[in-house]
Amino acid sequence: SSSSNQPPLDTTRFIARHVAGLRRSGIRDFFELVAKTDGVISLGIGEPDFDTPEPIRNAVKTAMDTGKTHYTSNLGQPDLRKEISRYVEGYFHVPYSWEDEILVTVGVSEALDLALRALLNPGDKVLYHQPCYVSYAPTVELVHGVGVPVATSAAEQFSLDEPALRAAWQPGCKLLLLNLPCNPTGGVCSKEQLERIAKFAIEKDLIVISDEIYSELIFEGTHTSIASLPGMRERTLLLHGFSKAFAMTGFRLGYACGPAPLIEAMMKVHQYSMLCAPSISQEGALAALRLGDDATKFMRDRYRERRDLFVRRINAAGIKCHAPRGSFYAFPSIVSTGLDEGEFARRLLTEFKVAVVPGTAFGDAGKGHVRACFTANEQKLNAACDRIEQMLASLGRS
Ligand code: PLP
């Protein structure tokens with residue numbers, strides 16, 4: 001405050017309407033409460049609990065000591081783009097030219113933001129399945145787009161199929177935003193479902209933004225990218241990154257692959273906003289892709305064990321939860337407890353010191369559910385399940 005007698009300046013009136021109107025993240029509110037509570041076992045944050053593999057850490061140290069601390073090409077360091085092209089072709093079976101079809105970004109977060117900013121005119125509509133990642137609806141809103149959510153349900157293990165999309169579709173839909181495996185539900189689609197979705201996208205002339213950040217975390221079967229299906233490479237932006245599969249959330253590194261004109265449009269925005277992704281993180285990412293898949297496979301195997309433990313125990317306690325086929329999230333129904341998702345999460349946190357996220361943080365379709373991230377180790381997961389059992393016993397319903 002100033003030393004004069006003027007009333008303090010009300011700076012809130014300078015805030016743009018569309019920003020003032022944004023909801024606060026349901027996760028953020030909740031985590032402020034977590035931070036104030038001692039002894040909490042957190043199943044809240046969607047983060048690997050493993051350290052970043054050592055060769056990746058060493059590559060960053062070397063990068064710092066050998067002067068790789070400058071701006072890189074706006075598109076990203078050429079060696080990294082070449083390695084991404086190789087990795088994506090091997091893993092997703094889609095070829096992309098490192099020269100003009102790959103853009104290295106500040107996480108999948110920036111890639112998503114760029115894609116929406118590059119493609120949406122005000123009022124254009126974006127179809128997306130819900131419950132979904134907390135950023136989707138606000139990011140669409142921030143670029144003056146209109147979200148068109150398509151509800152998925154526990155009865156179908158939160159997979160998506162063409163009839164639901166067709167029923168939700170409206171004139172003005174330009175993009176289809178997919179996240180498979182899905183945060184927060186762990187939902188995936190079969191190849192047949194994806195093929196139907198692809199045909200629908202072609203029929204309705206949609207561009208697909210496919211956020212495949214959890215694609216390495218598939219516990220049964222293999223991952224299929226919609227970009228690999230007939231006619232889809234030319235109308236898909238495939239978004240991927242290093243945060244989840246390589247335990248590199250803090251590196252803030254991801255990428256977009258797609259048709260050159262769309263990558264160029266995203267690049268136009270990126271060159272003025274970010275300039276380039278962090279140089280030392282790019283060196284870490286290069287090392288990650290050169291590691292082979294041992295580290296990723298090791299972590300996936302641990303997550304599978306943790307999933308099995310958590311899903312078995314929580315079902316035994318009387319809370320219905322399907323085993324997610326991908327991602328590291330379980331999305332149990334807490335309806336049988338008689339509490340709503342907000343009350344369930346609040347009481348579990350304040351009385352039993354376990355943090356989960358109310359399902360409605362991921363949209364209305366998350367009602368009656370909570371999200372539990374099973375990246376915590378076995379000992380913590382068991383202790384969390386013990387506490388959940390105690391809570392159910394106290395409710396007299398277990
Ligand atoms: N997309 C989804 C579906 C996510 O769950 C997350 C993080 O939780 C992100 C994107 C953000 O990823 P990044 O760390 O690459 O920005």
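Mentor: Gladly! Let's begin with burial: a residue counts as buried if 20 or more other C-beta atoms lie within 10 Å of its own. This is a predicted model, and by that cut-off 44% of the 398 residues of the protein chain are buried.

Trainee: How do you know whether the radius of gyration agrees with a compact globule?

Mentor: Set the value against the rule: a compact globule of 398 residues would have a radius of gyration near 21 Å, and the protein chain has 22 Å, so the two agree. The C-alpha atoms fill a box of roughly 70 × 60 × 55 Å along the principal axes.

Trainee: What makes β2 and β4 edge strands?

Mentor: Look at the order of the open sheet, β2-β8-β7-β6-β5-β3-β4, with mixed pairing among its seven strands. β2 (102-105) and β4 (146-151) each have a single partner strand, so one side of each lacks a neighbour in the sheet. From one strand to the next, the twist averages 20 degrees.

Trainee: Why are β3 and β5 called paired?

Mentor: Pairing requires at least two bridges. Strands β3 (residues 125-130) and β5 (residues 173-179) have four, in the parallel sense, so they count as a pair. Among the partners, leucine 127 is bridged to leucine 176 in β5.

Trainee: Which helix lies across β2, β7 and β8?

Mentor: That is α9 (residues 260-273), which runs at about 30 degrees to β2. The protein chain has 13 helices and 12 strands.

Methods
Residues are numbered from 1 along each chain as its sequence is written. This is a predicted model: local features need pLDDT of at least 70, side-chain atom pairs count only at pLDDT 80 or more; totals for chains, interfaces and linings use all residues. Helices (H or I, at least four residues) and strands (E, at least two) are DSSP runs, numbered from the N terminus. Axes are lines fitted to C-alpha atoms, for helices over the stretch in contact, and angles run from 0 to 180 degrees between N-to-C directions. Two residues are in contact if their C-beta atoms, placed from the backbone, lie within 7 Å. The radius of gyration is taken over C-alpha atoms; the globule rule is 2.2 Å times the number of residues to the power 0.38. A residue is buried if 20 or more other C-beta atoms lie within 10 Å of its own, exposed if 12 or fewer, and partly exposed in between; C-beta atoms are placed from the backbone.
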